[in-house]
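Dear colleague,

I am passing on to you the structure shown below, and after it I set out what was found when it was examined. Please read the notes with the model open beside them.

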Amino acid sequence: MEHRRAFLASVGLAASGALAGCLGRGGGRSETDLDAHPAAAGATDEPRLGPPLDEARGVIVAFEDPSCTTCRRFERTTFPRIESDLVGSGEVAFVYRLFPIVFPWGKPAAQALEATYDRSAEAFWALKAHYYAEQDAFGSGNVLDRTEAFLARETDVDAAGVVADAREERFDDRVQEDVRAAEEAGASATPTFYLFRDGAFLTRAVGAKDYAVFERALGG
């Protein structure tokens, strides 16, 4: 608790919840332990980098939309250091959850990501990175065709099977579980991050925050 008070006083994140993200819907804030926080509901089964949640000193639960331009800025500027320094330390876990609320092509992309994750975690992270790297090239009319081409070229998964499942929304229950978790946690924009330390909720951050925000909260 002492660490949490010091952190909030230093960066003022408690008041930053509505700033700088790609806007969707919702509002509010919760303050509970990790295993009871709505943002973390079902998170043990979600795509994760780093240690299991019950073994991690710090946990970042990220709600993102593949079509969100602010998410792309976060992925380009902040995520690489989170992955290399915080996750790389072996003490921080990063959980990626889908909240497709920005552009229409984000919804079929979310379906494809879930269908890919069902087959291969490695392919999932590669496809996630591809969506942000080539974001300007995607639209509702081409997202699944481009997804199939990428998966066939760059991964070993059944690309045609992924796209067939995405078109049929075979894994929509997983997408909707993420959306419910985001809404019940009070997320209204992407990206929104819920930060936990030592099993307790620390704060929420919205937008393409600098690496320093995450390092101050969860590093050391």
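I begin with W105, which counts as buried because its relative accessibility is 5%, where buried means under 20% relative accessible area, exposed over 50% and partly exposed in between, with a 1.4 Å probe and protein chains only. Please bear in mind that this is a predicted model, in which local features need pLDDT of at least 70 and side-chain atom pairs count only at pLDDT 80 or more, while totals for chains, interfaces and linings use all residues. Residues are numbered from 1 along each chain as its sequence is written, and side-chain values use heavy atoms, with hydrogens and water left out.

Because W105 lies in the loop between strand 4 (92-98) and helix 4 (106-119), and F138 in the loop between helix 5 and helix 6 (143-154), the pair ties together parts that are 33 residues apart in sequence. Helices (H or I, at least four residues) and strands (E, at least two) are DSSP runs, numbered from the N terminus.

By the ring rule there are 16 aromatic pairs. One of them joins F74 and F193, whose ring centres are 4.6 Å apart and whose planes stand at 45°, so this pair is tilted. It links distant parts of the chain, since F74 belongs to helix 2 (residues 69-77) and F193 to strand 6 (residues 192-197), 119 residues apart. F74 has 0% relative accessibility and therefore counts as buried, and F193 is buried with a relative accessible area of 0%. Elsewhere, F63, F99, Y194, F196 and F201 form one aromatic cluster.

Turning to helix 5, its 13 residues (121-133) should span 18 Å at 1.5 Å a residue, and its end C-alpha atoms are 18 Å apart, which agrees; the expected span is 1.5 Å times one less than the number of residues. Within helix 5 the buried residues include F124, W125, Y131 and Y132.

Notes:
Rings of Phe, Tyr and Trp (its six-membered ring) pair if their centres lie within 6.5 Å; planes under 30 degrees apart count as stacked, over 60 as edge-to-face and the rest as tilted.
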